[in-house]
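Subject: A structure for you to look at

Hello,

Here is the structure I promised to pass on to you. Have a look around it first, and then read my notes below.

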Amino acid sequence: KAVPMGQSFRKGAFWLFLAVMVCAGASELAMSQWASLFAEDGLKVSKTLGDLLGPCAFAVLMGLSRVFFGIMGSKIDLRRFILGSGVLCVFSYLLAVFARHPVVALSGCALCGLSVGIMWPGTFSLASRRFPRGGGAMFALLALAGDVGCTSGPALCGLVAGSGGGVKSGLLAACVFPAVLCGCVLF
């Protein structure tokens, strides 16, 4: 029998899982939504090249990381893997923002896809282990938290970019999400 959601809300670990999901969604969508414009405006490459090397490479590497998780998920320390993915995500954002060569910066966009691929499914797996009787409502709330992140990540990036800082500044601001994710996983 599923545990009532009121009991889950009284547990600090549940709130951490919600925070991780917000940060996972924000980390993923801030880069994927802004990578094309970042490539065009910030790196001065063509739209076609920017789309292929930015969002397309992001999606391919994200898919590969999820395939890896599907095959190896039961054999890895998931908490450490998510933490490592968060660190890689911060690195990939910083690489995209600070690299001087466009191809290196775009590789940061692609690498971000690799880093975020495990965050959502891994968090669901960890939550189901921690709260085995969480039920469907728990997964619905986790998905809702992820969707909040999917809105807040690109929004923060856009607000910072629109305030005169440009897309690079927006992506730099979005670094806060994978950094907070790492803190939550450590805690």
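The count of salt bridges in this predicted model comes to one. The partners are Glu28 and Arg66, and their closest N and O atoms are 3.5 Å apart. That falls inside the cut-off, because a salt bridge needs a side-chain nitrogen of Lys or Arg within 4 Å of a carboxyl oxygen of Asp or Glu.

Glu28 sits in helix H2 (residues 12-42) and Arg66 in helix H3 (residues 47-72), so the pair ties together parts that are 38 residues apart in sequence. Is Glu28 buried or exposed? With a relative accessible area of 11%, Glu28 is buried. Arg66 is partly exposed, at a relative accessible area of 31%.

Now turn to another pair of helices. Helix H4 (residues 78-98) packs with helix H5 (residues 102-116) at an angle of about 160°, and their axes are 7 Å apart. That angle makes H4 roughly antiparallel to H5, since angles over 145 degrees count that way. The crossing of H4 past H5 is left-handed.

Which residues make the contact? On the H4 side they include Leu88, Phe91, Tyr93 and Leu95, and on the H5 side Val104, Leu111, Leu114 and Val116 are among them. Ser85 of H4 and Gly108 of H5 also take part. Taken together, the residues of this contact divide into 13 nonpolar, five polar and no charged.

Enjoy exploring, and write back with any questions!

Best wishes

Notes
Residues numbered from 1 in each chain as written. Predicted model: local features only at pLDDT ≥ 70, side-chain atom pairs only at ≥ 80, totals over all residues. Heavy atoms only, no water. Axes fitted to C-alpha atoms, helices over the stretch in contact; angles between N-to-C directions. Helix = DSSP H or I, 4+ residues; strand = E, 2+ residues; numbered from the N terminus. Parallel < 35°, antiparallel > 145°, perpendicular 65-115°, else oblique. Left-handed = near helix turned anticlockwise from the far one by under 90°. Contact = heavy atoms within 4.5 Å. Nonpolar A, V, L, I, M, F, W, Y, C, P; charged D, E, K, R; others polar. Buried < 20%, exposed > 50% of the residue type's maximum accessible area, 1.4 Å probe, protein only.
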